[in-house]
Amino acid sequence: MFEHLKAYGGDPIFRLGEAFHADPRERKVNLTVGLYYDEQGRLPLLDVARRAEDQWAAKGLPRGYLPIEGLASYREAVQKLVFGADSKALAEGRVATIQTLGGTGALKVGGDFLHDAYPHSEMWISDPAWDNHHAIFQGAGIPTHTYRYYDAATRGLDFAGLMQDIAALPERSIVLLHPCCHNPTGADLSDEQWLELIPVLQQRKLIPFLDMAYQGFGRGLDEDAFAVRAMADAGMTFLVANSFSKNFSYYSERCGGLSVVCQSAEEAGRVLGQLKAVARRIYSNPPSHGGQAVATVLADPALFAEWKAEVEAMRQRIAQMRQLVHERLKEIAPQYDSSYFVKQRGMFCYTGLSLPQLEALRRDYGVYIIDSGRISVPGLNTSNVDYFAQSLAAVVAQETAQA
């Protein structure tokens with residue numbers, strides 16, 4: 001029956017990770033998958049998450065189905081974290097929020113919802129982008145295209161190109177945007193640029209879909225939500241996907257949320273119903289364990305303060321690694337402009353390295369970076385950052401000599 005099916009080639013990022021683990025060299029660096037590792041190269045289990053899990057487990061409650069939309073306490077906590085406790089849209093009941101299976105699940109539910117509401121709308125995604133964005137929305141039946149985003153010459157944002165492309169889109173086009181920590185480039189819009197873009201989105205009657213997977217890893221929990229809150233203040237209708245995988249180090253628990261900002265509480269009620277209908281036909285109910293822990297932490301002032309400090313410590317460690325690479329490269333490769341390491345933000349850094357350079361790093365130095373040249377900065381620590389900088393400098397110097 002299935003002889004005609006092709007073999008799945010696997011995810012290229014995970015394939016490189018497997019090659020790293022199979023590499024017998026003692027000195028090697030894995031900068032492939034987007035996971036936050038601590039200074040010891042370990043995936044942390046946050047103490048606040050563990051204590052919240054223990055609190056819930058101690059109650060010995062039965063494991064019945066959650067509502068389709070998820071825990072009420074979780075959804076309320078998501079709304080306050082994403083939009084701010086003093087949000088006018090929240091006070092007016094204009095935000096419909098559901099608990100989702102991570103940020104990816106939020107994108108899938110949002111894609112199906114938008115395709116139902118606007119079956120002829122198409123989506124525009126940044127160039128470059130997380131590859132799975134195209135797969136998710138195409139899987140929802142939405143054709144995808146790209147708008148200009150990255151400037152290879154500056155290794156930064158091509159804001160002029162972005163504005164030109166978005167200003168030319170047909171009405172009711174869906175535009176996927178990253179409020180912070182752009183994946184894969186780490187090049188973000190400034191607050192001033194967001195305020196310049198928002199009127200264009202409004203005038204062109206576009207549908208913004210914001211993917212906020214790394215809240216807290218750029219400038220801070222509130223600062224990273226600037227674009228979300230500015231759009232809400234502007235009275236726009238838009239969607240926001242958020243995730244607790246990174247800032248809670250809660251990858252396998254699949255805790256995320258999808259929020260839709262509407263024009264009235266009545267509209268938000270109808271939208272929530274449609275989101276539930278979409279979730280019902282995909283997975284019916286979200287899981288409880290991780291959601292209970294997240295809701296507990298975000299609702300308890302003491303636990304929330306502790307979690308916020310944990311997120312800030314993770315953010316600062318990422319920034320420190322960026323700074324150390326930049327400083328070391330300035331010393332050993334002064335001809336190489338490494339300023340992009342400190343200009344870009346968040347977990348990812350877009351190096352602009354060529355495929356031959358990336359292959360040389362893997363082959364000669366055991367430094368594993370995916371083919372796009374994106375590195376996951378938390379893979380660096382004080383034990384390997386110098387080796388990484390030396391390896392990068394050697395490969396760049398080798399190509400310069402050959403040229």
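Me: How far apart are the end C-alpha atoms of helix H8, and what should its 13 residues span?
Reply: This is a predicted model, and in it the 13 residues of helix H8, residues 191–203, should span 18 Å at 1.5 Å a residue, which agrees with the 19 Å between its end C-alpha atoms.

Me: Which residues of H8 are buried?
Reply: The buried residues of H8 are Trp194, Leu197, Ile198, Val200 and Leu201.

Me: Switching topic, where is Asn242, and is it buried or exposed?
Reply: Asn242 lies in strand S9, which covers residues 238–243, and it counts as buried because its relative accessible area is 3%.

Me: Which residues is Asn242 in contact with, leaving aside its neighbours within four places in sequence?
Reply: With those neighbours set aside, Asn242 is in contact with Val78, Val82, Gly103, Met212, Gly256 and Gly257.

Me: OK, aromatics now: how many aromatic pairs does the structure hold?
Reply: There are 14 aromatic pairs. One of them joins Tyr336 and Tyr340 edge-to-face, at 6.3 Å centre to centre and with 85° between the planes, and both of these tyrosines are buried.

Me: Which residues do ring pairs link into a cluster?
Reply: Tyr74, Phe244, Phe248, Tyr250, Phe304 and Trp307 are linked into a cluster by ring pairs.

Me: Last one: which ring does the charged end of Arg374 sit over?
Reply: The charged end of Arg374 sits over the ring of Phe348, 3.9 Å from its centre, while that of Arg63 sits over the ring of Trp56, 4.3 Å from its centre.

Notes. Residues numbered from 1 in each chain as written. Predicted model: local features only at pLDDT ≥ 70, side-chain atom pairs only at ≥ 80, totals over all residues. Heavy atoms only, no water. Helix = DSSP H or I, 4+ residues; strand = E, 2+ residues; numbered from the N terminus. Buried < 20%, exposed > 50% of the residue type's maximum accessible area, 1.4 Å probe, protein only. Contact = heavy atoms within 4.5 Å. Phe/Tyr/Trp six-rings, centres within 6.5 Å; stacked < 30°, edge-to-face > 60°. Lys NZ or Arg CZ within 6 Å of the ring centre and 35° of its normal. Expected span 1.5 Å × (residues − 1).
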